[in-house]
Amino acid sequence: MRGLIVFDCDGTLVDSQHTIVESMVAAFHANDWPAPDAARVRGVVGLSLDEAIAILAPQCPTERRVAIRAAYKSAFAELRSRGDHEEVTYPGVVEVLDTLSAEEYTLGIATGKSTNGLRATLTRLHLLDRFATLQTTDTAPSKPHPTMLRQAMAETCATPETTALIGDTTFDMNMARNAGTSAIGVTWGYHRLDALRRAGAHALAESAADLPPAVRALVPPSGNDDH
């Protein structure tokens, strides 16, 4: 059985923090609500937009949160159209995708992005055809709920024993644990190494080059029955 390796997007594959932070701040300002600082915004990257706003503005009325959500989407689309903040892949991650694909792993994504937003990002970066399954909060609860991973496994005929999630947040590590899969934390994203470790990461990668050996150790390549 082929192993399934599911990647988070923002903070793991793609460096999009500047666009996310600026869009969130603009959305709060547009709705006359105190804007969070950059560190707080980075702390909720990976959650669905609704959950992120609820955490950033717990006292905000529901109708105002809905308006902030709409304003965020508008600001994000405008920044992308102007090219003010380019979303780029982290160093070495494309080579990791090449390596894992060559070793016959099936690749997927589980993200707090919308489906349209994810597909737009992957298309712009010429990565859309790399992934056999795309899981978003349009069709599943937000991380750390395990549904996205369970759906990815169902779509690719994988099992928890043959699946690993790679992500940069505690939400990712907890989702993997909740789904019974392996969890690999990357340290170049938005949550600290010690937090990833406490959340139950089975392995930690400090650079993209660390990922293939970490994957092989937890989910051996196709044809290896030792796992």
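**View 1. The lining of the largest pocket, sorted by residue class.** In the lining of the largest pocket there are 11 nonpolar, seven polar and eight charged residues, where Ala, Val, Leu, Ile, Met, Phe, Trp, Tyr, Cys and Pro count as nonpolar, Asp, Glu, Lys and Arg as charged, and the others, Gly among them, as polar. The model is predicted, so local features need pLDDT of at least 70 and side-chain atom pairs count only at pLDDT 80 or more, while totals for chains, interfaces and linings use all residues. Residues are numbered from 1 along each chain as its sequence is written, and side-chain values use heavy atoms, leaving out hydrogens and water. A pocket is an open set of points, on a 1 Å grid over the protein atoms alone, where a 1.4 Å probe fits and protein lies on both sides within 12 Å along at least five of seven lines; lining residues have an atom within 4 Å of a point.

View 2. The largest pocket holds about 570 Å³ of space, a volume being the space filled by probe spheres set on the grid points, which are joined across faces, edges and corners. Of the 26 residues that line this pocket, Leu49, Tyr72, Gly112, Lys113 and Ser114 lie nearest its centre. Two or more lining residues come from each of α1 (17–30), α2 (38–44), α3 and α4, and α4 gives the largest share, six residues. Helices (H or I, at least four residues) and strands (E, at least two) are DSSP runs, numbered from the N terminus.

**View 3. Helix α3 against helix α4.** The axes of α3 (residues 49–56) and α4 (residues 62–82) come within 10 Å and cross at roughly 120°, which makes α3 oblique to α4. Here, axes are lines fitted to C-alpha atoms, for helices over the stretch in contact, with angles from 0 to 180 degrees between N-to-C directions; those under 35 degrees count as roughly parallel, over 145 as roughly antiparallel, 65 to 115 as roughly perpendicular and the rest as oblique. Leu49, Asp50, Ile53 and Ala54 of α3 make the contact (heavy atoms within 4.5 Å) with Arg65, Ile68, Arg69, Tyr72 and Lys73 of α4. These contact residues comprise five nonpolar, no polar and four charged.

**View 4. Two backbone details in loops.** The peptide bond from Lys143 to Pro144 is cis, with omega near 10°, and Pro144 sits in the loop between β5 (133–135) and α7 (147–156). His126, in the loop between α6 (115–124) and β5, has phi near 60°, a positive value in a residue other than glycine.
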